[in-house]
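Subject: Structure for your attention

Dear colleague,

Please find the structure below.

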Amino acid sequence: MNEGVIAIYPGSFDPVTNGHLDIIERGRKIFGQVVVAVLFNRAKQPLFSIEERLQMLREATARWDNVAVDSFSGLLVDYAIQCQATVILRGIRAVTDYEFEFQMALMNRRLAGEIETVFLVPSEAFSFLSSSLVREVASLGGSISGLVPRLVETRLADKVAVMDPSPRPQAALGDRSGLED
Ligand code: PNS
C-alpha cells in the first residue's frame, strides 16, 4: 500500500452504486487515503441533492477507516491540490468509458502535471452498471437489488413514491442520459 498517497475519487454519485463502492474498496487497498469527492454542479439537475448524495456515500463507506467523503465545485485538480492528493482515481467499466476518461486524464495532466490519474476496473458484475440506469430502472418499478447499497434502494423507493405518476418517468430522473456515473 502507498501509505502516504492520497487519492481523490471524483464523480456525480447520483446515486452511489455498488460499482462505485467496488472501485473505492479496491482504491483504499492501494492508497493511504481515498477521498470520495462529489461534484457540486449548479448547472445540472440531479435526482438527489448534494447533501443526500454525501449522506448516502458516508453511510455506505463508514466501515472503511481510510475513506473520506466530501464535495467540491470548480476544477477537480484545484480541489485535489487543496487536499494534497497526488492521484485521481477513476473506474473504467468498458471501452465506451475510455475516450471520455482519456480526454479528462490528459486535460487534468495539462492543468496539474504532478497529479496522476489511475484507472481501476470494477468487478465484471458491475461492468454494465451506471447511476443513470439505476435511476431509470427504479423509476419504472424494476428491481435494483444487489446493484446499490440497501440504504440507496430505500431512498430511491422514497423518491419514486413522491414522483409525478404521469407517464414521463425520465423527466423526473434528472437530465442525464447514457452510461455515466
Ligand atoms: O461521475 P461523473 O459525472 O462521470 O464525474 C465527472 C467528474 C465530476 C469527474 C468531472 O466532471 C469533473 O472532474 N468535473 C469537475 C470540473 C473539472 O475539473 N473539469 C475538467 C475536467 S477535465
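This is a predicted model: local features need pLDDT of at least 70, side-chain atom pairs count only at pLDDT 80 or more; totals for chains, interfaces and linings use all residues.

Residues are numbered from 1 along each chain as its sequence is written, and side-chain values use heavy atoms, with hydrogens and water left out.

Strands β4 (residues 87-91) and β5 (residues 116-120) pair in the parallel sense over five bridges; strands count as paired if DSSP finds at least two bridges between them. Helices (H or I, at least four residues) and strands (E, at least two) are DSSP runs, numbered from the N terminus. Opposite V87 stands E116 of β5. Together with helix α4 (residues 95-111), β4 and β5 make a right-handed β-α-β unit; right-handed here means that, with the strands pointing away from the viewer, the path from the first strand over the helix to the second runs clockwise.

Rings of Phe, Tyr and Trp (its six-membered ring) pair if their centres lie within 6.5 Å, and planes under 30 degrees apart count as stacked, over 60 as edge-to-face and the rest as tilted. By this rule there are three aromatic pairs. One of them is stacked, because the rings of F72 and Y79 have centres 5.4 Å apart and planes at 25 degrees. Both F72 and Y79 are buried, that is, under 20% relative accessible area, where exposed means over 50% and partly exposed in between (1.4 Å probe, protein chains only). Y98 and F102 are also stacked, because their ring centres are 5.5 Å apart and their planes at 25 degrees. Y98 and F102 are four residues apart in α4, and therefore separated by about one helical turn. Y98 is partly exposed, at 43% relative accessible area, and F102 is partly exposed at 41%.

The largest pocket has a volume of about 750 Å³. On a 1 Å grid over the protein atoms alone, a pocket is an open set of points where a 1.4 Å probe fits, with protein on both sides within 12 Å along at least five of seven lines; lining residues have an atom within 4 Å of a point. Grid points are joined across faces, edges and corners, and the volume is the space filled by probe spheres set on them. Of its 42 lining residues, G11, S12, R90, F100 and M104 are the closest to the centre. Helix α4 gives the most to this lining, with eight residues.

Finally, R135 lies in helix α5 (residues 131-139) and is buried, with a relative accessible area of 2%.

With kind regards
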